[in-house]
Amino acid sequence: PFINEMMGITELERGLARVLDLQQAVVIPGDSDHSDSVKKEMGRAGARLLKQTAQPDQVVAVGGGTTVAAVARMMTASTVLKDTTFVPARGGLGEAVELEANYLASLMAQKAGGRYRLMHVPEQLSAEAHDTLVREPHIQEVLRLLRSARIVVHGIGDATTMAARRKSPPALLAELERKGAVGEAFGFYFDRAGSIVHRGRSIGLSFEDLKNVDTAIAIAGGAGKAEAVAAVCSVSRCDILITDEAAARAILKKV
Ligand code: G3H
């Protein structure tokens, strides 16, 4: 712990990359749980990364949540992104509209000057409605586009916080607790060992699809998400993690 407290930002980035097996970790000084400006800077780092890694005619799959929203808000018109198509990673997950992946994909496209597609699929569908919708040609086309994504950018949440924010039924909250869910990423819930313990019925990218992308970018900060980030990144494809100092120190303290 002493060494941890003495570590500078560069050492934290190196430490995270090593323990979570990342290509790159970007650590923003401070704690985004307690400072909006830290979250904004994480957003700026995400927007910069999307610009730096852009390739012509690429597809970028976009997750939901407040942290990806920070990335979207920091995007600026860019010639390198004008041929990019932004596609929501999943359909609706029961979030406020401005936190849904659909909205954030459209916002990124609008800000960067690219294109977007939407996936009009509500959450909590019956099995029949789900199966019918998945067969719709329009949905099939968006799913094909999604599976061709070069880049995925998504947030990671604390399991209980996310389930409560999405007004999940008490039965699901109890199930998540029973199964030891600690982390969440685009609708999937993970336990401490990184196993998926719950997946909703929403339509979109699955974790298996992540292995086909060039670069998976996870963006999540705050000490409260340390366990969630460690769980999700330990098993899922996390190439680049953008986080903050508070989460980085908490993660490195645990391992
Ligand atoms: O899908 C939502 C993310 O997993 C976390 O959302 O960035 O608002 O914490 P957040």
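How much space lies in the largest pocket? I found about 430 Å³ there. I noted that a pocket is an open set of points on a 1 Å grid over the protein atoms alone, where a 1.4 Å probe fits and protein lies on both sides within 12 Å along at least five of seven lines, and that lining residues have an atom within 4 Å of a point. Grid points are joined across faces, edges and corners, and the volume is the space filled by probe spheres set on the points.

Before going further I wrote down that this is a predicted model, in which local features need pLDDT of at least 70 and side-chain atom pairs count only at pLDDT 80 or more, while totals for chains, interfaces and linings use all residues. Residues are numbered from 1 along each chain as its sequence is written, and side-chain values use heavy atoms, with hydrogens and water left out.

Entry: I then looked up the second largest pocket, which holds about 340 Å³ of space and is lined by 16 residues, with Glu 123, Gln 124, Leu 172, His 198 and Gly 200 nearest its centre.

**Entry: the sheet.** I traced an open sheet of seven strands with parallel pairing, in the order S1-S11-S10-S5-S2-S3-S4, where two strands pair if DSSP finds at least two bridges between them. Strand S1 (24–28) and strand S4 (115–116) are the edge strands, each pairing on one side only. Helix H2 (residues 9–19) packs on the sheet and touches S1 and S11, and its direction makes about 140 degrees with that of S1. Contact here means heavy atoms within 4.5 Å, and angles run from 0 to 180 degrees between the N-to-C directions of axes, which are lines fitted to C-alpha atoms, for helices over the stretch in contact.

**Entry: the hairpin.** Strand S8 (residues 188–191) and strand S9 (residues 196–199) pair in the antiparallel sense over three bridges, and Phe 190 stands opposite Ile 196 in S9. The hairpin of S8 and S9 has four residues between the strands, and there Gly 194 takes a positive phi near 90 degrees.

Technical notes. Helix = DSSP H or I, 4+ residues; strand = E, 2+ residues; numbered from the N terminus.
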